[in-house]
Amino acid sequence: MLNIVIFGAPGAGKGTQSELIEKRYGLVHLSTGDILRAEIKNGSALGKQVEAVIADGHLVSDELIIALLEQEIARHKDAKGVIFDGFPRTQVQAEALDTMLAKHNEKVNIMLALSVEHNELVKRLLNRGAQSGRADDNIDTIRKRIDIYNEQTAPVMEYYKTKGIFAAISNDTTVDECFQRVCNAIDKVNK
Ligand code: AMP
């Protein structure tokens with residue numbers, strides 16, 4: 001399998017690039033944010049549990065999100081590979097992902113870390129909020145989510161750097177140019 005972690009602050013382009021990777025490489029795209037938003041829309045018990053946390057810009061508990069991922073990984077064990085989008089967001093989640101994949105004799109092949117300058121992130125998220133109506137794409141929640149990313153999530157990059165499976169990709173450019181950079185990084189590990 002080809003397992004990719006796509007990483008970066010809110011608004012860095014993870015969802016957009018994941019969709020392109022999904023098409024080009026035939027992988028399954030697992031976005032924890034999309035899964036949780038679908039649960040909220042369905043009015044499920046899980047959705048009700050996480051709705052306020054997400055609207056407020058905080059992280060859902062590691063326990064809940066790891067249990068969710070465990071189910072999804074089992075469901076897609078025959079896939080050509082998985083793009084993990086929005087997961088892991090903490091060190092605990094990063095270690096849990098390795099454990100879960102090891103149960104299927106699998107591992108993460110590469111982390112692609114997208115970076116976008118702070119003001120540009122805010123601009124892109126406000127724009128997305130105006131179009132999609134996402135409850136957490138308003139200025140106060142955007143600032144909080146970026147702070148939480150910097151404090152709790154960004155340190156996860158070290159975990160993958162230490163393992164030597166880390167690629168930094170600047171997304172200060174067009175979708176197509178960024179995708180070219182993404183493909184170059186993937187093709188190095190997907191021979
Ligand atoms: P996203 O669409 O990835 O920006 O995720 C939207 C929201 O879902 C986040 O702000 C969190 O509240 C929650 N969420 C998604 N993935 C995770 C995760 N791996 N750990 C904790 N919370 C998460």
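Student: How many nonpolar residues does the lining of the largest pocket have?

Tutor: Happy to start there, with a predicted model in which local features need pLDDT of at least 70 and side-chain atom pairs 80 or more, while totals for chains, interfaces and linings use all residues. Charged means Asp, Glu, Lys and Arg, nonpolar means Ala, Val, Leu, Ile, Met, Phe, Trp, Tyr, Cys and Pro, and the others, Gly among them, are polar. This lining has eleven charged and 18 polar residues, and its nonpolar count is 18.

Student: Which residues lie nearest the centre of the largest pocket?

Tutor: Numbering runs from 1 along each chain as its sequence is written, and side-chain values use heavy atoms, without hydrogens and water. A pocket is an open set of 1 Å grid points, over the protein atoms alone, where a 1.4 Å probe fits, with protein on both sides within 12 Å along at least five of seven lines; lining residues have an atom within 4 Å of a point. Here 47 residues form the lining, and nearest the centre lie Pro-10, Lys-14, Arg-89, Arg-128 and Arg-134.

Student: How many charged residues are in the lining of the second largest pocket?

Tutor: Good one! Its lining includes Arg-37, Lys-41, Glu-51, Arg-134 and Asp-136, along with Ile-40, Ile-54, Ala-55, Ser-132, Gly-133 and Ala-135. Four of the lining residues are nonpolar and two polar, with the charged ones numbering five.

Student: What are the dimensions of the box that the C-alpha atoms fill?

Tutor: Think of the protein laid along its principal axes. Its C-alpha atoms then fill a box of roughly 45 × 40 × 30 Å.
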